[in-house]
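Trainee: I have a new structure to look at, and I would like to learn how to read its features one at a time. Could you take me through a few of them?

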Amino acid sequence: MRCPHCGNPSSKVLDSRLIEDGAAVKRRRECELCGRRFTTYERVEQSPLLVIKRDGRREAFDRQKVLGGMVKACEKRSIPLDVLNEAAIAVEKELRERSKEEVASSEIGELVMEKLKGIDEVAYVRFASVYRRFTDAGSFMDELRALLSERGRGENRSEKG
Ligand SMILES: [Zn+2]
């Protein structure tokens with residue numbers, strides 16, 4: 001990388017650290033010719049990920065929005081932000097591993113529900129109720145029943161185990 005002060009192409013790295021949850025490396029460099037210091041950033045080049053919304057419009061995937069939705073669902077629950085942030089990162093990772101350039105917003109919603117289910121059941125039901133826009137109380141109750149019976153099975157397993 002050329003020195004921004006004198007244009008010399010060689011520099012030595014003084015310090016190197018991971019930033020942005022490990023998605024980038026920040027390097028402090030010193031020019032080998034003029035001795036002045038500058039900073040460089042290295043990132044993996046990510047292909048764009050577009051979200052197809054319900055109305056057919058596309059927008060760039062935004063992990064902060066995913067996190068925001070989870071934070072809202074977890075209101076007044078004592079879930080550390082770190083846990084939700086990790087879940088949001090996992091959602092993005094899984095979407096990118098599907099190696100498509102476009103994902104339906106419903107795919108994101110399903111993944112978020114899956115993550116919340118493993119984190120907090122109340123948050124999961126809250127998110128699911130908003131996300132799936134249950135048109136009647138019946139379908140919401142079905143979801144709850146499914147959740148409760150799943151939990152029941154889980155408990156039975158652990159008693160036997
Ligand atoms: Zn220089």
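Trainee: Where is K76 found?

Mentor: K76 is found in the loop between α1 and α2, where helices (H or I, at least four residues) and strands (E, at least two) are DSSP runs, numbered from the N terminus. Please keep in mind that this is a predicted model, in which local features need pLDDT of at least 70 and side-chain atom pairs count only at pLDDT 80 or more, while totals for chains, interfaces and linings use all residues. Residues are numbered from 1 along each chain as its sequence is written.

Trainee: What is the phi of K76 near, and is K76 buried or exposed?

Mentor: Most residues other than glycine have a negative phi. In K76, which is not a glycine, phi is positive, near 65°. K76 counts as exposed because it has 7 C-beta neighbours inside 10 Å; a residue is buried if 20 or more other C-beta atoms lie within 10 Å of its own, exposed if 12 or fewer, and partly exposed in between, with C-beta atoms placed from the backbone.

Trainee: Which residues of helix α1 are buried?

Mentor: An α-helix has 3.6 residues a turn, so residues three or four places apart point the same way. In α1, which spans residues 63-73, the buried residues are V66, M70 and A73. They lie on the same side of α1 because they cover an arc of only 60° around the axis, the arc being that of the directions from the helix axis to the C-beta atoms. On the other side of α1, Q64 and K72 are exposed.

Trainee: What do the buried residues of α1 pack against?

Mentor: They pack against α2 (81-97), α3 (105-119) and α4 (121-131), where two residues are in contact if their C-beta atoms, placed from the backbone, lie within 7 Å.

Trainee: How do the axes of α3 and α4 cross?

Mentor: Two packed helices are described by the angle between their axes and the distance between the axes. The axes of α3 and α4 come within 8 Å and cross at roughly 160°; axes are lines fitted to C-alpha atoms, for helices over the stretch in contact, and angles run from 0 to 180 degrees between N-to-C directions. That makes α3 roughly antiparallel to α4, a term for angles over 145 degrees. The contact is made by residues including V112 and L116 of α3 and F127 and Y131 of α4.

How values were computed: Parallel < 35°, antiparallel > 145°, perpendicular 65-115°, else oblique.
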